[in-house]
Amino acid sequence: MARPCALALLAAAPVLAQHPEMVLIPEGAFQMGRAHSLPDDGLEWVPHLLRDDRPVRTVVLDAFEIDEHEVTNREYAEFVESGEAVKAPFYWPGGSPPPGRSDDPVANVTWDEADAYCRWRGKRLPTEAEWEKACRGGLAEGKYPWGDEDATGELAHFDSVKGPKAVCTYEKNGYGLCDMAGNVWEWTADWYDRHYYGDGPSEHPAGPAEGRYRVLRGGSWADVPKFLTCAHRSYARPQERSPNLGIRCARNPDR
């Protein structure tokens, strides 16, 4: 499969994490934000439309680990069975994952439920900056986890009416991560602020101290390509439940 040769590859291969289901993302700087243009950029009457992912800025992060794939129904069922979960997702018949869908990403979980699941696993939700660096897969630039190549059904699961697919159905990105574009949106730890790229710190940004919405990343099975880019920012109320909204956890490496 062709890959854009003009993109600088910052990490040639995935790095072994301390947890086998996770990938270690190396410390260092990366370019965060949208470098490509959109047709809406010229609309003066809605000055903030799809521009909350600018300006592009250099962001420095410590090393962190992030799940290879989105949390599956099978994994979330262990949380439910432990008694720590408030309740099973409402679409599970009889409180168990739907037959044949155990390897699909869990969905219809609120931010609090996603946060509780990650903490139960000894992990946490990734920050927005961590998520974007992981999505880029070591590419210095590029719209998607694989580069600038247009999104197709061979690269990601999107623009569908059939719901999510089993995790890791598609090729991994340069860090060895599955489904960073499409399948389900993923909660992050950050509160949403549309001005944060201009006002936030350049080292270890953790998002605003408070807010009304939490940041979502990655797009989903129901979305069109412009929502699947590594830089695209979306948001939802922490209480939101949606059939295209799921979880990916992160953690700090053991010292």
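Are Arg34 and Asp53 buried or exposed? Both Arg34 and Asp53 are buried, where buried means under 20% relative accessible area, exposed means over 50%, and partly exposed lies in between (1.4 Å probe, protein chains only). The model is predicted, so local features need pLDDT of at least 70 and side-chain atom pairs count only at pLDDT 80 or more, while totals for chains, interfaces and linings use all residues. Residues are numbered from 1 along each chain as its sequence is written, and side-chain values use heavy atoms, with hydrogens and water left out.

Charged pairs are the first topic. Side chains of opposite charge can pair when their charged atoms come close. A salt bridge is a side-chain nitrogen of Lys or Arg within 4 Å of a carboxyl oxygen of Asp or Glu. By this rule the structure has 18 salt bridges. One of them joins Arg34 to Asp53, with the closest N and O atoms 3.0 Å apart. This pair links distant parts of the chain: Arg34 and Asp53 both sit in the loop between strand 3 (28-32) and strand 4 (57-61), 19 residues apart. Helices (H or I, at least four residues) and strands (E, at least two) are DSSP runs, numbered from the N terminus.

Arg251 forms a salt bridge with Glu65, and their closest N and O atoms are 3.1 Å apart. Here, too, distant parts of the chain are linked: Arg251 belongs to strand 10 (residues 250-251) and Glu65 to strand 5 (residues 64-67), 186 residues apart. Arg251 is buried, with a relative accessible area of 9%, and Glu65 is buried at 1%.

Within helix 3 (residues 128-136), Arg136 and Glu132 lie four residues apart, about one turn of the helix. They form a salt bridge in which the closest N and O atoms are 2.9 Å apart. Arg136 is buried, with a relative accessible area of 6%, and Glu132 counts as buried at 0%. Salt bridges that share partners join Glu128, Glu132, Arg136, Arg217 and Arg233 into one network.

Asp190, in strand 6 (residues 185-191), presents another case. Asp190 is buried yet has no salt bridge, and the nearest side chain of opposite charge, Arg233, is 6.4 Å away. In this count Lys and Arg are positive and Asp and Glu negative, while His and the chain ends are not counted. A polar atom of the Asp190 side chain lies 3.1 Å from the backbone nitrogen of Glu128. Leaving aside residues up to four places away in sequence, Asp190 touches Thr127, Glu128, Ala206, Gly207, Tyr213, Arg214 and Val215; contact means heavy atoms within 4.5 Å.

Two strands pair if DSSP finds at least two bridges between them. Strand 6 and strand 7 (residues 214-217) pair in the antiparallel sense over three bridges, and Glu186 stands opposite Arg217 in strand 7.

The buried residues of helix 1 (residues 73-82) are Asn73, Tyr76, Ala77 and Phe79. Seen down the helix axis, these residues fall within an arc of 155 degrees, so they line one face of the helix; the arc is that of the directions from the axis to the C-beta atoms. The buried residues of helix 1 pack against helix 2 (111-120). Just after helix 1, Gly83 takes a positive phi of about 90 degrees.

Methods. Polar contact = N/O pair within 3.5 Å; in protein donor to acceptor, adjacent residues only side chain to side chain.
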